[in-house]
Amino acid sequence: MPVLAAAEPISLRTAAQEGTEPKFIAAGKDHIIGLCIDIMRAIEQVDPGLRFTGDQHWKPLIRAYSELEAGVEDVQCAVQRTAEREKRFNFIGPPLYTIEYHFLVRSSDNLTIHSWDDVRKLAPNGVVLVNRGFAAGDIVAAMGGIEVDASSTNQELNLQKLIAGRGRLYFHRGPGLQKLLERTGTTDKVKILPQVMYSAKLYFAASKQLDGKVSERVTNALFMLEKKGELERLMRKWD
């Protein structure tokens with residue numbers, strides 16, 4: 001009797017999102033690690049018929065999202081769910097984890113922030129730095145009355161701008177804020193204010209063009225990982 005060949009795994013096109021540690025972290029030449037890499041490998045373990053491709057190639061976040069919307073990519077890991085993004089993508093599965101937004105300031109700045117009103121009162125010396133194309137910009141803009149600088153695309157640039165006094169605060173999300181400061185050598189120049197200013201859940205996002213049955217398989221794998229406590233374990237690993 002002829003031996004039946006195993007079905008080819010379904011390829012799910014994705015990309016590593018620039019400036020999104022600890023989701024994606026450069027680990028030497030042409031090697032990317034991080035929380036999202038671990039989540040995708042875990043999905044492949046649960047459902048060996050699925051294979052993620054492109055996760056070892058960097059793309060700016062704005063491009064990654066536009067390609068997901070166009071169907072050039074099939075999925076993106078750990079995307080914040082907003083009304084605008086609901087129109088562009090399908091959000092599938094359980095929340096992967098919760099992020100908490102903090103302000104970062106210069107170590108020499110004795111600033112205390114408890115509320116968004118405290119930020120507004122800093123004007124005209126209260127420019128808030130955010131990464132371009134990230135949800136952080138929309139969050140701050142929605143608060144009203146705060147000057148935002150979203151001209152830089154990554155954490156390193158915004159940390160340097162903060163240190164140089166080209167912004168009073170840098171609004172960014174954890175997990176991984178302390179590790180970011182360690183990696184960039186800025187622990188003695190920048191501190192993280194303790195107040196959580198905003199929190200949000202992150203999800204897997206799928207292209208609206210992706211076959212519904214394939215989306216369902218990813219969804220089922222994610223719920224299985226959640227049930228086993230694997231999503232929480234991976235989150236703790238990278239925090």
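A residue counts as exposed when its relative accessible area is over 50%, and as buried when that area is under 20%. In this predicted model, Asp30 has a relative accessible area of 60% and is therefore exposed. Asp30 sits in the loop between strand 3 and strand 4 (32–33), and its phi is positive, about 55 degrees, although the residue is not a glycine. As a reminder, most residues other than glycine have a negative phi, and most peptide bonds are trans.

Ala78, in strand 7, also has a positive phi, of about 60 degrees, and is not a glycine. Ala78 has a relative accessibility of 1%, so this residue counts as buried. A positive phi, near 75 degrees, is likewise found at Gly144, which follows helix 5. Within helix 5 (residues 135–143), the buried residues are Ala135, Ala136, Gly137, Ile139 and Val140.

Strand 7 brings us to the cysteines. The structure holds one disulfide, formed by Cys36 and Cys77 with an S to S distance of 2.2 Å. This pair links distant parts of the chain, with Cys36 in helix 1 (residues 35–46) and Cys77 in strand 7 (residues 75–80), 41 residues apart. The torsion about the S-S bond is about -85 degrees, so the disulfide is left-handed. Both Cys36 and Cys77 are buried.

Two prolines deserve a look as well. The peptide bond from Glu21 to Pro22 is cis, with omega near 0 degrees, and Pro22 belongs to the loop between strand 2 (16–17) and strand 3 (25–26). Ala123 and Pro124 are also joined by a cis peptide bond, with omega about 5 degrees; Pro124 lies in the loop between helix 4 (116–120) and strand 9 (128–131).

Terms used. Residues numbered from 1 in each chain as written. Predicted model: local features only at pLDDT ≥ 70, side-chain atom pairs only at ≥ 80, totals over all residues. Heavy atoms only, no water. Disulfide = S-S within 2.5 Å. Helix = DSSP H or I, 4+ residues; strand = E, 2+ residues; numbered from the N terminus. Buried < 20%, exposed > 50% of the residue type's maximum accessible area, 1.4 Å probe, protein only.
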